[in-house]
Every structure is written in C-alpha cells, then in structure tokens.
Amino acid sequence: MPERGDKIALPVPLEAFDRLMPLHLRVNPDGRITGYGPTLAKLLGRQGILGHGLFEAFEVRRPAGLTSIVLLQAHAGERLRLTLRHAPRPVAFRGLAMPLAEGAGMILNLSFGIGVVDAVRNFALTDGDFAATDLAVEMMYLVEAKTAAMETLRGFALRMQGDKQMAETQALTDTLTGLRNRRALAQLLERLTQSEAPFGLMHIDLDYFKAVNDTFGHAAGDHVLRWVADVLTGEARMTDIFARVGGDEFVGVFPDLTDVDRLTSTARRIIEALSRPILFEGRMCQISASIGITTSVNYAVPEIARMQHDADEALYASKRAGRGQAQAYPSGGVVRDSAALDDRRSA
Amino acid sequence: MLGLINRSFQFFLSDTYGVEFWENVAKVADIRVSGFESMLIYDDKLINQVIDAASALLRRPRESLMEDMGTYLVSHESLQTVRRLLRFSGVNFGEFLNSMEELPERGRLVLPELELPEMELCDLGGGHFRLRCRARFAGTGHIVMGLLRAMADDYGALVLLDHLGLDAGGEVISVQIADQALYEARPFSLGLSVG
C-alpha cells in the first residue's frame, strides 16, 4: 500500500473550504448550521439559515428516516439525497457528510447533480460559482451543444419532410396539365370505395384531338390539353378531382354526387366549353369531348374496375352516337351538347 | 467531412455576399444550389471546390476568405450558438486560448463525426503563444485565426495574431495577448436565456 500522507487532522482555513466546496455546509455537534459556502449563500439569499437546525433547513429523503445529527454521523460517507426547504423554491441536492476531527461537528458537501441546468438558470449562477474542478460548466456546455445539435437535426428533418411531400405531390401530378395522374386517381377511387362513400364517375375523351396534334404539332396539342385542364378545373367543386389518365383521356370523380341529372348537366357544360375554338399562335384548334358517366349507387358493392368499365361503355356509346355527347350508365338519357339540345327544344 | 462544416461555408458565402453569389459558387463548384446538409457526410474535395470557386469569383485569395469565414462563425448573429459554445471554454481569452487543445474533444462530445482541427498550444511566456493546427484541408489555420480574432473581441482582449505559415506539425499562428486585466469581457451567462 502506498503511503497515505497526512495522518493527522489538517488545519484547513474556512476560505479553503469555501473555494474547494462552494456548496458545503458546516454543522456543530448539536446539529446547528454554523456556516456555508458562497454558492449556497447565493441560493439562500439575504435571510440565510445560520444557526438553524440542519434538519429544519433540509429534508433528508434518502436514506429514509435520517432526522438527527447522531443518525447522520452513523451514515457518514454515504450518498445522501436532500431537499433545501428554505430557498425561494425547494432545491434538490446530492450530498455527502463527514465528521470533523475531535467531535467538532460535521461537514456536508452538496451538488446539484442532474438538476444543475435548472439551478444555473434559476439562480443565475456563473462559472465562478463552481469549483474550478467541478464539471458543471462542461455539463452546461453539453446541454447547450445538444440543444443546438437537436435544432439542426430538426431543421434537417423538416427539410426532408418538405422534400418528401413535394416528391409525393409530383408523383401524383400530371406534369403537363397539373391535374392528378393515373396513380393519384387509383388511390382516390380505392379510398372512396373502401370508405363506402357515394360518388359519381365521369370518363372524358377528347374528340378530334389527334387532328390538332397532326395539323398544328405537339406544342398546339399541349396547349389544348392545358386548356382542357383549365376548363375541367373551372367546372370542379372543391372536392371534385380531375385526372389525366391517357393522352387525351380524363377522369372526373365527384364525391357525394350521385344525381345523374346534375352530373349530366355538368358534363354538358364541359362539352360546350370544350367545343369552342381554341386560339394557338394565330391558329384555331377545334376539339370536342365525349363523356360517359356512372355513379356508385348503381352497384350493391361498387367495384372500381366494374365502374370504370361501365363509364367507358357509356363513353363509347356517346362516341358511336356522334361525339360531343354525354351518356350515363345504365343506358338511357342520351344528352347531346347544349347547342343540339337548344335546337331540339326550339323544334 | 461532416456537412456542418460545408454548410457553415455555404451560409458564410450567402450571408456575406448574397444568395445569388452562393448560387454562382454552386454552379462553378458543380454542386447542388440547395447546398449541404449539416448531418450528412460529404467528400472532402467538395469544400475545396467551394472555396476555390468563391475565391475565383471574388478575386480574393483563399487565405483571406477563410479568415473571414472564421470571424463569421463567431460574430454573425445567425450563429450565436458557436460563440456561446466557445465561451464555455474559459472565463477570459487566456483561458479560452489554453482550452483550444480541447476543441476537437469538445466537438466529438456532441457530434462524434465532427472532426475539428487538432491544436497544440505552446506558451512562450509574456503573453506570447504559438498555436499549431492540423486539419483535413489546407488553410484551416486562417479560419482559426479569424475565429480567434472574433473571440478576442468578444472577450474584450487586445490580441495580435499572425499566420506564420506551415511547419512539420501543421499551420502555425502566433498569438500575443496584451495585459488581460485592462479589458472587460462581454457578459456571459451559463444558462440559455430561452426557457
């Protein structure tokens, strides 16, 4: 065993205690507080606890039942958990008490432990309030560095989330027209059928679009498709969704709208709008549209494939009947475009 | 290299010279305009591409650009955190300087992948020091010098700094501290002011 050095009690000036252990506390053999370090003094404020009984000023929480100086002597050198009652608000400490030489009482050293962060804030402590050997400042450094690192990570996560949302939106959008794409439509129809919500379905196929493309070129075709998207969006309620599902094929979904008359009149307005000539770079492009309609109430259990098939049937019935028309499934109500209708009415 | 360093450079350039300038740098350096992410690891050569591009576009030597970057890290209002974290290293500039050797360790404590320059401080007496730093990319000494200059200002210390160039141990900076007692440090509270 190495030599332990001093074998007698050290005469330590109080100033040394204060510098070495700014959170210590001295107690006489009767358990009265006779002095304490400068940081503890800072916590206690002007009133102080000089001359108070140690167990009035502090509650010893662990070990339990430690309520007298005799018992404290018996637990010398053990880890204590205490609460200071006299501060503006209770402060929790870790502590360690050791007897002084020649029965002169005890010395109790305290530490904030993990509570150091709150203590520093609540009592505006500075590095001068801790012993130079204390790791409190490193602890504060870590807390602040961790906060900054977390902040950075949160920013990173938010940017990633934004990118993800944008990617998802792009994945569901038809880039030419800004309408939904086939994938978005499939998701929407699946959601609607799963939730058993009623809805109307409209298949729209442009008439004479190929002629525009062939005659005026793809730029004209793209212009027409964007214009079609504008027309469809203009006819949509907030909840209605239009998707472009093929070159010149579109699908409209109308949640909670199963009234065939209303759907047909919407279809009629769309056909009427699409049948007006479109100006592109000084040239007139002329298209129209054929539309097929069905609604989920036509089916005991609406099945997407079945509904799309029936809407297509109605659409091709419109085509066969001379284009520029809307028909609803099950067959019946043929509706010509409004000009034709007006002709019929006036006839 | 951890993107935090690259991103600091990116923000130094866009805060100092404007976002458009950064976009030009990104174009010349052949990197994405959105730049770097702090927590991702990037190839070391990218930071050099950025510094070279900025240096060419500004017609300024790399060294002076890097020194400005060091000052920016400490003094720009958007980066209060760096200054605060550095202030935890000491109560005055002398103590701060003496803690520079701990810097890589302090960095690793928070971000294990953050490789800050290795430092070695030699006390020549009379307030005169030699600080050697070794890092992954050339010119780091100039960043450190800019950072020391700004920290000296923050501590209110009068300090003379000089980059002495390279020796076998790395880049060498001469530091001369004038009488510390004459100057008051800017107040610093240990606790974050936010709740």
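Leu85(B) sits in helix α5 of chain B, which spans residues 80-87. The model is a predicted one. Leu85(B) has a relative accessibility of 17% and therefore counts as buried, the cut-off being under 20%. Beyond its neighbours within four places in sequence, Leu85(B) is in contact with Tyr141(A), Glu144(A) and Ala145(A). A further relation of Leu85(B) lies within chain B: Leu190(B) is 105 residues away in sequence, yet the two C-alpha atoms are 9.8 Å apart.

Chain B contains 8 helices and 4 strands. Chain B has 195 residues, of which 51% count as buried. Of the contacts in chain B with a separation of 6 or more, 63% are between residues 24 or more positions apart. The chain exposes about 9400 Å², and 53% of that area is supplied by carbon and sulfur atoms.

Helix α2 of chain B, residues 19-29, shows how burial is arranged along one element. Its buried residues include Phe21(B), Trp22(B), Val25(B), Ala26(B) and Ala29(B). Viewed down the axis of α2(B), the buried residues fall within an arc of 140 degrees, so they line one face of the helix. On the face of α2(B) turned away from the buried side are the exposed residues Glu20(B), Lys27(B) and Val28(B). After α2(B) comes Asp30(B), which has a positive phi, near 60 degrees.

What covers the buried side of α2(B)? The cover includes α1 (3-17) and α3 (44-58) of chain B. The axes of α1(B) and α2(B) come within 6 Å and cross at roughly 135 degrees. The two helices are therefore oblique to each other. On the α1(B) side the contact is made by Gln10(B), Leu13(B), Ser14(B) and Tyr17(B), and on the α2(B) side by Val19(B), Phe21(B), Trp22(B) and Val25(B). Among these, Phe21(B), Trp22(B) and Val25(B) are also buried residues of α2(B).

Chain A, which supplies the contacts of Leu85(B) named above, has 12 helices and 14 strands. It has 347 residues, and buried residues make up 42% of them. Among its contacts between residues at least 6 apart in sequence, 54% join residues at least 24 apart. The accessible surface of chain A comes to about 19300 Å², with 54% belonging to carbon and sulfur atoms.

One strand of chain A can be followed in detail. Strand β4(A), residues 80-84, is mostly covered, with 4 of its 5 residues buried. It pairs with β3(A), residues 58-62, in the antiparallel sense over 4 bridges. Strand β4(A) is also joined by 5 bridges to β5(A), residues 91-99, and this pair too runs antiparallel. Leu82(A) takes part in both pairings: this residue of β4(A) is the bridge partner of Val60(A), and Leu82(A) stands opposite Phe93(A) in β5(A).

Key:
Residues are numbered from 1 along each chain as its sequence is written. Chains are lettered from A and ligands numbered from 1 in the order in which they are written. This is a predicted model: local features need pLDDT of at least 70, side-chain atom pairs count only at pLDDT 80 or more; totals for chains, interfaces and linings use all residues. Side-chain values use heavy atoms; hydrogens and water are left out. Buried means under 20% relative accessible area, exposed over 50%, partly exposed in between (1.4 Å probe, protein chains only). Contact means heavy atoms within 4.5 Å. Accessible areas come from the Shrake-Rupley method with a 1.4 Å probe; for residues, only the protein chains shown count as cover. The arc is that of the directions from the helix axis to the C-beta atoms. Two strands pair if DSSP finds at least two bridges between them. Axes are lines fitted to C-alpha atoms, for helices over the stretch in contact, and angles run from 0 to 180 degrees between N-to-C directions. Angles under 35 degrees count as roughly parallel, over 145 as roughly antiparallel, 65 to 115 as roughly perpendicular and the rest as oblique.
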